[in-house]
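Welcome! Have a look at the sequence and the structure first.

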Amino acid sequence: MRKQIAAANWKMNLTLQQAEALVDELLATPFSLNENQQAVFGVPFPYLIAIHNKFIGKNNCYVSAQNCYTKKSGAYTGETSVEMLTSIGITYVIIGHSERREFFNESNAMLAEKINCCLSNNLKPIFCCGEPLQIREAESQNSFVETQLKESLFHLTVEQITNFIIAYEPIWAIGTGKTASNEQAQQMHKHIRTVLANNYGLDVANTISILYGGSVKATNAGDIFAQPDVDGGLVGGASLVAADFAVIINSLKK
Ligand code: PEP
């Protein structure tokens with residue numbers, strides 16, 4: 001069975017003190033993860049070490065960066081390399097979030113470079129894709145997402161893409177309170193898996209966890225995660241409330 005994953009994206013929120021208090025509260029809240037389930041916390045750069053330390057010894061909990069740079073090292077003031085992240089014990093990084101694509105002009109080609117850097121350093125990318133509202137309204141979402149996958153991922157080998165994590169996040173559902181319906185989520189997740197199967201074979205496509213993101217809440221996570229091709233969620237707003245995120249973790253498929 002594919003890994004079932006509840007991934008938090010804290011974005012540019014919280015002070016260090018608030019972030020530590022959030023984790024303390026979450027760890028004091030009943031939630032459980034079996035060996036096939038994971039909770040991943042996408043934390044701002046300055047808090048990575050502190051939050052990573054809080055999860056040491058907590059089974060199946062991991063800390064993720066929210067971004068990394070395309071180059072290994074050098075004169076790139078203000079950037080963070082993959083090697084820096086792995087040197088502090090970080091295992092995941094969110095790549096290609098729609099906010100980075102929109103506000104920082106990250107292209108599919110640039111994301112391909114970032115993914116190459118991650119994979120050559122054993123850092124696991126959580127690769128985000130998803131269409132804006134006008135593409136959904138024009139009913140072109142399938143080809144839009146397929147192009148994102150092709151241009152950023154399809155140079156990878158079978159070994160590299162096996163056990164990959166993809167997050168489908170329709171942009172019109174992020175931070176808007178407007179969740180994709182269960183049917184819309186399942187339809188796109190199945191489409192993504194079919195596109196992966198066409199390139200890498202069904203066996204490989206069936207190893208890839210595809211998370212849904214876009215206004216996942218404690219109240220809707222169970223229904224969305226129950227969809228056959230949805231393997232958990234990437235969660236923004238609701239991951240900032242310990243009790244809500246605990247419910248979301250507990251909503252993962254067993
Ligand atoms: C996100 O940040 O990736 C996200 C899905 O945000 P929200 O859950 O707030 O819509």
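Does Phe154 count as buried or exposed? Phe154 has 17% relative accessibility, and buried means under 20%, so Phe154 counts as buried. Please keep in mind that this is a predicted model.

## Phe154 and its partner

Phe154 pairs with Tyr200: the ring centres are 5.6 Å apart and the planes stand at 80 degrees. Because edge-to-face applies to planes over 60 degrees apart, this pair is edge-to-face.

Where do the two partners sit in the chain? Phe154 belongs to the loop between α7 (141-153) and α8 (158-161), while Tyr200 is part of helix α9 (residues 182-200). The pair thus links distant parts of the chain, 46 residues apart. Tyr200, at 11% relative accessibility, counts as buried too.

In total, the model holds 7 aromatic pairs. One of them joins Phe41 and Phe245, edge-to-face, with 5.6 Å from centre to centre and 70 degrees between the planes. Phe41 lies in strand β2 (residues 37-42) and Phe245 in helix α12 (residues 242-250), so this pair ties together parts that are 204 residues apart in sequence. Both Phe41 and Phe245 are buried.

## A charge over a ring

One more stop: look for Arg100, which lies over the face of Phe104. The distance from the ring centre is 4.1 Å.

Terms used. Residues are numbered from 1 along each chain as its sequence is written. This is a predicted model: local features need pLDDT of at least 70, side-chain atom pairs count only at pLDDT 80 or more; totals for chains, interfaces and linings use all residues. Side-chain values use heavy atoms; hydrogens and water are left out. Rings of Phe, Tyr and Trp (its six-membered ring) pair if their centres lie within 6.5 Å; planes under 30 degrees apart count as stacked, over 60 as edge-to-face and the rest as tilted. Helices (H or I, at least four residues) and strands (E, at least two) are DSSP runs, numbered from the N terminus. Buried means under 20% relative accessible area, exposed over 50%, partly exposed in between (1.4 Å probe, protein chains only). A charge sits over a ring if NZ of Lys or CZ of Arg is within 6 Å of the ring centre and within 35 degrees of the ring normal.
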